[in-house]
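Subject: Structure handover

Hello,

Here is the structure I promised to pass on. Please open it first, then read my notes below.

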Amino acid sequence: MAGARGRASLGRCWLGGKGGGWAGGSPACGIISSLCFMPAGLKRWLSSAAPAPRVCVVGSGPAGFYTAQHILKLAATGTASSWVWKSLEEAFSGYRILQSSPPASHFPQQQHHGGAQVDIYEKLPVPFGLVRFGVAPDHPEVKNVTNSFTQTARSERCAYYGNVTVGRDVTVPELQQAYHAVVLSYGAEDNRVLGIPGENLPGVLSARAFVGWYNGLPENRHLKPDLSCETALILGHGNVALDIARILLAPLPLLRKTDITAGSLAALACSKVKRVWLVGRRGPLQVAFTIKELREMINLPGTRPVLSPADFTGLENAIKDAPRPRKRLTELMIKTALEKPVEKPVEVQAAAAREWGLKFQRSPQEVLPSADGTRVRAVRMALTRLEGSGDSAKAIPTGDVEDLECGLVLSSIGYRSLPLDPAVPFDAQRGVIPNTSGRVEGVPGLYCSGWVKRGPTGVIITTMNDSFDTAQSVLEDLQVGTLDVSSSREGFGAVESILRSRGVRPVSFSDWEKIDAAEVARGRAAGKPREKIVDPQEMLQLVGH
Ligand code: FAD
């Protein structure tokens, strides 16, 4: 009844058109009078008792969760009409008349009908994507974002279905049949390759696999990197490269207190690696890592930075007008390379058993094998000169080469998204789903967010903003009627029977919470925040599958 009343009063104010705006009439009528801006599709929808929208999100990393969060936040509980109210409050907030909109409590009371429903599908039994499997174990504060994701997943209008690989267990067209909107947030599951001879030799690994190994990604649990050499070479100058260098060189007591897997900790305990070179094709002004990670590396106990002063001389002038973050980052490198260390006493540095350094203007040409051909011995580098300046500077080979001896090569030149389903357009060149503000080109009702939308760069905050942008597109399309919600969709009801027919049993969020509790309990016994379970079968057994 309340819902019917709400709709009736809504209709009166709207049709009457004499609400008088903010100055005169009631706040609710003021808003309603402003809705003469409202598109025809939305008016039609408001006057109908349209079913609440059902949205599905593919992938439970930051992009999936932030997209879900934003849709749920804006599409607050209520009837279709009150759902629109909430959405409009934000979506039209740029309009003059709504800029002084009252708090949500001033909006007409509606019957509680449940609002939009968001279902999140995830291929692994466990959620959170790279927050669990990418973020370094010694950066626990970054993982706090999972607290807000957990709140979202516990919302009665959100459901989590882990252990479902979209594109294999259920297709994207099947999801489109079951939902009003489908958002693809499945990240970047592959890595870019070097494309040079010797790349497949034992001892050459992708950063993605190595990170997955120490972070417990099930597919990398059997990696067994050979850490019996003294020198490792990391190809790449980004934060992932620095994460790996830090994990390779960090004192064991530091790592022991983290959620690094027991298997990788044991392997690192026996590691002979004591020197790590991070090699890049371009110069110090083009490095992609950030100052916080560099500083952490410089201050890593028991290690010393080895930066060649020649790489940095004269750079002070070049950075005079550089943006502040680039300037500060370069200043820190210059200081480390040219000045006597002030942050660590000289004798402590000299005594450091381990060292690391940055090598610039070297482009890998070939991975050279050991004499018996069984593993890597060195990487042949083409020396380069820079053409152009700043971010757009290009590395041009000079014709000179240099062999860098090493026993382990970690290629950290970027992650890469893969196509998911033949029904989804994919730009293989850029490794992204072609889209405009998250709307997949040529496929109404299909959206994307996160790394698969804009490419595998950027931190969690970047992914959050980008996911909010996609969520906003979904809401706008609902509002203008581009997305047809006039007929109800079954959502998981329809998908469940498909999955059952294919023998797939999804894992719920409360199932994950059982896995989580077991991991935390195992970790506590070992004095660490959690001991990750790395075998998906064990996870499934734990929840009775
Ligand atoms: P992802 O996090 O990769 O999530 C994608 C999800 O989709 C995964 O859970 C995956 O299993 C799932 N999925 C894939 N395929 C399917 C399918 N077919 N069906 C169903 N589900 C599927 N940012 C920071 O701010 N701080 C850091 O310290 C930090 N460290 C990082 C360390 C590393 C090694 C990396 C690679 C990145 C790091 N980032 C960090 C960046 C951050 O992780 C990304 O910005 C963010 O995770 C991207 O989110 P996403 O949801 O697009 O992708």
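What share of the 545 residues of the chain counts as buried? The figure is 53%. Keep in mind that this is a predicted model.

**Overall**

The chain has 23 helices and 18 strands. It exposes about 23700 Å², and carbon and sulfur atoms supply 53% of that area. Take the contacts with a separation of 6 or more: 75% of them join residues 24 or more positions apart.

The largest nonpolar core has 51 residues. Those with the most contacts inside it are Phe210, Ile244, Leu248, Val276, Leu294, Met333 and Trp356. Helix H12, residues 239-249, gives this core its largest share, 7 residues. A second core is separate and has 39 residues. Ile120, Val126, Phe149 and Leu475 are among them.

Leaving out residues up to four places away in sequence, Met333 touches Pro284, Val287, Phe289, Leu294, Leu307, Phe312, Leu358 and Phe360.

H12 is mostly covered, with 9 of its 11 residues buried. The buried ones are Ala241, Leu242, Asp243, Ile244, Ala245, Arg246, Ile247, Leu248 and Leu249. Note that Asp243 and Arg246 are on that list.

Now helix H9, residues 145-154. Its buried residues are Val145, Thr146, Phe149, Thr150, Thr152 and Ala153. Seen down the axis of H9, they fall within an arc of 160°, so they line one face of the helix. As background, an α-helix has 3.6 residues a turn, so residues three or four places apart point the same way. What covers the buried residues of H9? The cover includes helices H5 (62-74), H8 (129-133), H20 (460-480) and H22 (509-525), along with strand E3 (158-161).

**The ligand**

How many residues surround the ligand? There are 33, and the closest are Ala63, Glu122, Trp451, Ile460 and Thr463.

- Glu122: a polar side-chain atom lies 2.6 Å from an oxygen atom of the ligand.
- Thr463: a polar side-chain atom lies 2.9 Å from an oxygen atom of the ligand.
- Lys123: a polar backbone atom is 3.1 Å from a nitrogen atom of the ligand.

Taken alone, the ligand exposes 1000 Å², and the protein buries 92% of that. H5, H8, H12 and H20 are the elements that give two or more residues to the shell around the ligand.

**Single residues**

Start with Thr470, which sits in helix H20. Is Thr470 buried or exposed? Its relative accessibility is 0%, so Thr470 counts as buried. Neighbours within four places in sequence aside, Thr470 is in contact with Val183, Ser437, Gly438, Tyr447, Cys448, Ser449 and Lys453.

Ser437 lies in the loop between strand E16 (435-436) and strand E17 (439-440). Its phi is near 50°, a positive value in a residue other than glycine. With a relative accessible area of 32%, Ser437 is partly exposed.

Phe128 also has a positive phi, about 95°, although it is not a glycine. Phe128 is in the loop between strand E2 (117-121) and H8. At 5% relative accessibility, Phe128 counts as buried.

Last, Arg192. Where is Arg192? It lies in the loop between strand E5 (190-191) and strand E6 (204-206). Its relative accessibility is 46%, so Arg192 counts as partly exposed. Beyond its neighbours within four places in sequence, Arg192 is in contact with Ser411, Ile413, Gly414, Tyr415 and Arg416. With Ile413 there is a polar pair: a polar atom of the Arg192 side chain lies 3.1 Å from the backbone oxygen of Ile413. Arg192 and Arg208 are 16 residues apart in sequence, and their C-alpha atoms are 9.6 Å apart in space.

Best wishes

Terms used
Residues are numbered from 1 along each chain as its sequence is written. This is a predicted model: local features need pLDDT of at least 70, side-chain atom pairs count only at pLDDT 80 or more; totals for chains, interfaces and linings use all residues. Side-chain values use heavy atoms; hydrogens and water are left out. A nonpolar core is a set of buried Ala, Val, Leu, Ile, Met, Phe, Trp, Tyr and Cys residues joined through side-chain atoms within 4.5 Å. Buried means under 20% relative accessible area, exposed over 50%, partly exposed in between (1.4 Å probe, protein chains only). Helices (H or I, at least four residues) and strands (E, at least two) are DSSP runs, numbered from the N terminus. Contact means heavy atoms within 4.5 Å. The arc is that of the directions from the helix axis to the C-beta atoms. A residue is near a molecule or strand if one of its heavy atoms lies within 4 Å of it. A polar contact is a pair of N or O atoms within 3.5 Å; within protein, one must be able to donate a hydrogen and the other to accept it, and residues adjacent in sequence count only if both atoms are side-chain atoms. Accessible areas come from the Shrake-Rupley method with a 1.4 Å probe; for residues, only the protein chains shown count as cover.
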